[in-house]
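Please work through the exercises below with the sequence and the model side by side. Each task is followed by a solution that goes step by step.

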Amino acid sequence: MDYKTTIINKDGHFGSFGGRYVPEVLVPIMDDLRDAFFEAVEDENFIGELQKLHRTYTGRPTPLYHCENLSAKLGGAQIFMKNEGLLHTGAHKINHCLGQALIAKRMGKKRVIAETGAGQHGLATATVCAKFGLDCTVYMGAKDYARQRPNVFWMEQLGATVVPVTDGDQTLRDAINAALRDLISQPEETHYLLGTVCGPNPYPSMNTYFQKIIGEEVRTQIEDQTGGTPDYLIACVGGGSNALGLFYDFLDDEHVKMIGVEAGGKGVDGQEHAARFQCGSVGVAEGFKSYFLQNSDGQLSSTHSISAGLDYAGVGPQIAYLQESKRVKFSYALDREVMSAYQLLARTEGVFAALESSHAVAEVIKLAPSLKKDQSIVFNCSGRGDKDLFIVTKELEDAGFKSFLAEELAELEKGSGTS
Amino acid sequence: MKKLNSQLDRIQSSGKPGFMMHMVAGYPDLKRSEKIATQILESGAALLEVQIPFSDPVADGPVIARANELALKNGVTVEGSLLVIERIAASTEKPILIMTYFNIIQNYGVEQFCKRAAEIGVQGLIVPDYPYDEEQDNSLIKYSHENDLALIQVIASTSRADRINEIVKHASGFIYCMARTGITGRKTDINLQTIKYLESVRASSDLPMAVGFGLSERSQVQELKNYAQIMVVGSALIKEYADIPIDKGLQQIKKFMIGLIDV
Ligand SMILES: Cc1ncc(COP(=O)(O)O)c(C=O)c1O
C-alpha cells in the first residue's frame, strides 16, 4: 500500500481525480505555486519557522483527550477526541492558513485573497495576514455575508476587506468563483489562499501537507495512552481538509479503519443536504475533477447543512480517490442527529464541538456501541462550537437568547437616539 | 472544419480582420437568443461563438456570468441549447463554434458531445477550463479530432515560451490569444507588452490568430489588426442588448457592429 505517496504528489492527479482544470492564464500561476511549495517543504528553515509558529502562535500540539464519560455512556469502544478546537481562531483551518501565508511570503506576494462560507476560513486567513502584514481580501457570498455578521466584523477588525458576492446563490461556491476571477485579473501579485483540499493542483496536496500534522500528533499521543494505533478514525467532510489531516498519517496502516461524515442536512432523499457520495456524480468545476452534486446537465446544485462549513457541492479530489479505492468509508449525519450529538458531547465531556465536527460525533454515537471495550475510536473535533452560538440558540428556540437580542437592540437604538 | 477553414482563408486573403462574436444560448431565452444570432450574423460577423451556459463560469467576467445565470434560471438545458445551435448553424454558411466549460461536455459524454456537435454542423469547440495536459483521462482533443472539430487552444499573456510551444502543437483552426491577464468583459489597453506577446505567439505558429478579452472599440481593433486576423468580442456586445426589449436590442447589435467592424 502506498496511499501516502499518491495523496501528496506534485502532478496533482489522484487516480482520475484532481488535476488543474483552469483557464490558461492561471496555469503558470499554479505551476509557480506548486514549485514554490514543493521547494519550501524541503527547506529546513521553512519547516523550522512553521514548527516554531505552531508552538508559539497557533497552539500545537493540540490534546488528544480520552472521552471516558462518553465511552462509558455508549458502552462500547474507547473514544478519543483530537481537539483542534483549541487552536488559535478555533479550528483546524489555521493549519493551512499559516502554511500558505509562509509560502506567500516566500514567493514575495503582497496580497492574499480567500473565499469563505461561514467565515471560519476567512477569519483564519485574516488572522495570518494581520500577523504577516499581507493585504487581505475575503470573498463571501452575499447571503453568508448577511447571516455571518460576527465573523465579518472580526475579519474587518483584523484589517481584511470583506467583499459580499451577489452572483448565483450568493454562497460559498459563488465566493470561490469570485476569488478565482480576482486571481485571473491580478495573477502576478496575488496569492489565493484556498481554504480546503479542493481546487486545482497544488492546493489539494499542499493543504493536506499542512493538515497532516493532526494525524502525526495523534499517532504519538494514542501510542502513549493506549500503547497502540486506533481502530477507527472519524472526521466530518466538507472539502475534506480536517479529515485528510487526521487520516493521512494512517493511510498505509491497513488495520486502521476510516470514516468520513458528510452533511445529510434534512435528509438525502430531498435536495437539502451536501452528501456528495450519496447523491453526487463525477464532474469538473472550480479547477478540479471530483464528486459534485449536480444535475444531469452538469449544473452544480444548491446545498444545505446546519453547519455552514459542510455546505458545499464539491468534495476534495483525494477524498474522492480514497472513496473510490474503498480506503475510507462515507456516511452522513442529519441536522437533527448533529444537534443531539452536539448536546451529548457538551453534557458528558464539557466540550462544545463546532456543528461541522458534531457530524463526526454523531457517527461516533452510532458506531461505538457496536465495538468492543478494548477497541478505540479517534474523532476529529475540528473546531469549537462557540462560533455557532446564533445557529444553536435559534435551533433550540432559546427564549432567553431571543429576549437578550431584543433588549440589546432596544438598548442600541435608544443609545443612538439620544446621542 | 471545412466551413471554418474556408472562412479563415477568406479572412486571410481579404487583408481585413474578421470578427468572432460571442453570445450565450438561452439568454435572455432560447427563442430570442436565436434571433440575436441571426442579427449578429447579418451584421457582419465572420464567426459566431455560442456559449452553452454553465452554473460556475469562472473564466467569464460579470456580464457573461450573469447571462449564464439568467439563462439557467429560465430553465435552459444543454439539449435546448444544442437545438438552438443546430438551427443557427443550418441557417448560415458562416462557422459556428460552441464555447462551454468542460463539465458540460464531460456530463454529456466527451465522445457523444463531439459527435453531436459535428452532426449539428458545429465547426469547433472552445473550452476555457480544459488545458491540454488533462487530455489523458478525458480525450477531448482526440474526439474533437475524430469528429473533424477544431478544439481551439487558448494562450494567455502570462503563458511562457515553453508552454506556448506545447499548446500550439495541439492547436487546430486558429489560436485564441487573450489580450491581457484578466477575465472577459473589462476594457483592455493595448500596450507594447500586448504587441510583444502577440508577436511571440505569431512566431510559434502558422495558424491564424484570434485576439480577445476586453475588446469593445474600433480604436482597439485598429491597433490589433496587424497582429491578429480575428477579433473576438463578447461582453461589450451582450451589454448592448441586456435588459432591453428584443426589437431594440437587435437594433443596438446592428449599430454596435457597424461601428466596430467597418475598419
Ligand atoms: C470547524 C470546521 N470543521 C470542518 C470544516 C469543513 O471543512 P473541511 O472538510 O475542509 O475540514 C469547516 C469549514 O469551514 C470548519 O470550520
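**Exercise 1.** In which loop of chain A is the place of A:Pro202?

*Solution.* A:Pro202 sits in the loop between strand 8 (190–192) and helix 10 (203–211) of chain A, where helices (H or I, at least four residues) and strands (E, at least two) are DSSP runs numbered from the N terminus. The peptide bond leading from A:Asn201 into A:Pro202 is cis, with omega near 15°. Most residues other than glycine have a negative phi, and most peptide bonds are trans.

Before going on, note that this is a predicted model, in which local features need pLDDT of at least 70 and side-chain atom pairs count only at pLDDT 80 or more, while totals for chains, interfaces and linings use all residues. Residues are numbered from 1 along each chain as its sequence is written, chains are lettered from A and ligands numbered from 1 in the order in which they are written, and side-chain values use heavy atoms, with hydrogens and water left out.

**Exercise 2.** Locate the cis peptide bond that joins B:Tyr27 and B:Pro28, and then the positive phi of A:Thr89.

*Solution.* For the bond between B:Tyr27 and B:Pro28, omega is about 0°, and B:Pro28 belongs to the loop between strand 1 (18–24) and helix 2 (30–42) of chain B. A:Thr89, whose phi is near 75°, is found in the loop between strand 4 (78–83) and helix 5 (93–106) of chain A.

**Exercise 3.** Describe the interface of chain A and chain B, beginning with the residues in contact.

*Solution.* Taking contact as heavy atoms within 4.5 Å, 36 residues of chain A touch 39 residues of chain B. The rule finds 4 salt bridges across this interface, each being a side-chain nitrogen of Lys or Arg within 4 Å of a carboxyl oxygen of Asp or Glu. B:Arg160 pairs in this way with A:Asp32, their closest N and O atoms being 2.8 Å apart. Helix 2 (27–40), helix 9 (172–185) and strand 11 (281–285) of chain A each give two or more residues to the side that touches chain B, and the largest share, 6 residues, comes from helix 9 of chain A.
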